Amino acid sequence: MKPIGELIRERLKAEERSVTWFARKLSCSRANVYKIFRKEYIDTELLTRISRILDYDFFQYFSDRLKEE
């Protein structure tokens, strides 16, 4: 399974959004966004916010992986 930060980075790229745009939506710095990209795990509250911003259900990704195992 891919680390969550990598999934977020890939989704941001697929949406053709910039790191600056994402940082502004999260109300954080670009440096913090790059830290998120390196995370293997993430707080569920933050993941909920990111899911809403990127209009993608990251929780469903993990749920689908559980069904495969």
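Select K2. Its relative accessibility is 36%, so K2 counts as partly exposed; that class lies between buried (under 20% relative accessible area) and exposed (over 50%), with a 1.4 Å probe and protein chains only. The term means a side-chain nitrogen of Lys or Arg within 4 Å of a carboxyl oxygen of Asp or Glu. E10 is partly exposed too, with a relative accessible area of 29%.

A word on what you are viewing: this is a predicted model, where local features need pLDDT of at least 70, side-chain atom pairs count only at pLDDT 80 or more, and totals for chains, interfaces and linings use all residues. Residues are numbered from 1 along each chain as its sequence is written, and side-chain values use heavy atoms, leaving out hydrogens and water.

Next, select R11 and E15. Their side chains also meet in a salt bridge, 2.8 Å from N to O. E15 is partly exposed at 34% relative accessible area. The whole structure holds two salt bridges. Side chains of opposite charge can pair when their charged atoms come close.

Move to E16. This residue sits in the loop between α1 and α2. E16 is exposed, at 74% relative accessible area.

Jump to S27, in the loop between α2 and α3. Here phi is near 60°, again positive in a residue other than glycine. With 67% relative accessibility, S27 counts as exposed.

Now color by secondary structure. The chain has five helices and zero strands. Helices (H or I, at least four residues) and strands (E, at least two) are DSSP runs, numbered from the N terminus.

Select residues 44-54, which are helix α4. Which residues of α4 are buried? L47, I50, S51 and L54 are. They lie on the same side of α4, because they cover an arc of only 105° around the axis, taken from the directions from the helix axis to the C-beta atoms. Turn to the other side of α4: E45 and R52 are exposed there.

What covers the buried residues of α4? The cover includes α1 (4-14), α2 (19-26), α3 (30-37) and α5 (58-68).

Zoom in on S51, in helix α4. S51 counts as buried, at 9% relative accessibility. Leaving out residues up to four places away in sequence, S51 touches Y56, D57, F58 and F59; contact means heavy atoms within 4.5 Å.

Now check both ends of α4. At the N-terminal end, D43 is the cap: a side-chain oxygen lies 3.0 Å from the backbone nitrogen of E45. Just after α4, D55 takes a positive phi of about 50°.

Finally, zoom out to the whole chain. The C-alpha atoms fill a box of roughly 35 × 20 × 20 Å along the principal axes. Of the 69 residues, 29% count as buried. Take contacts between residues at least 6 apart in sequence: 58% of them join residues at least 24 apart. The chain exposes about 4,900 Å², and carbon and sulfur atoms supply 46% of it; accessible areas come from the Shrake-Rupley method with a 1.4 Å probe, and for residues only the protein chains shown count as cover.

Notes
A polar contact is a pair of N or O atoms within 3.5 Å; within protein, one must be able to donate a hydrogen and the other to accept it, and residues adjacent in sequence count only if both atoms are side-chain atoms.
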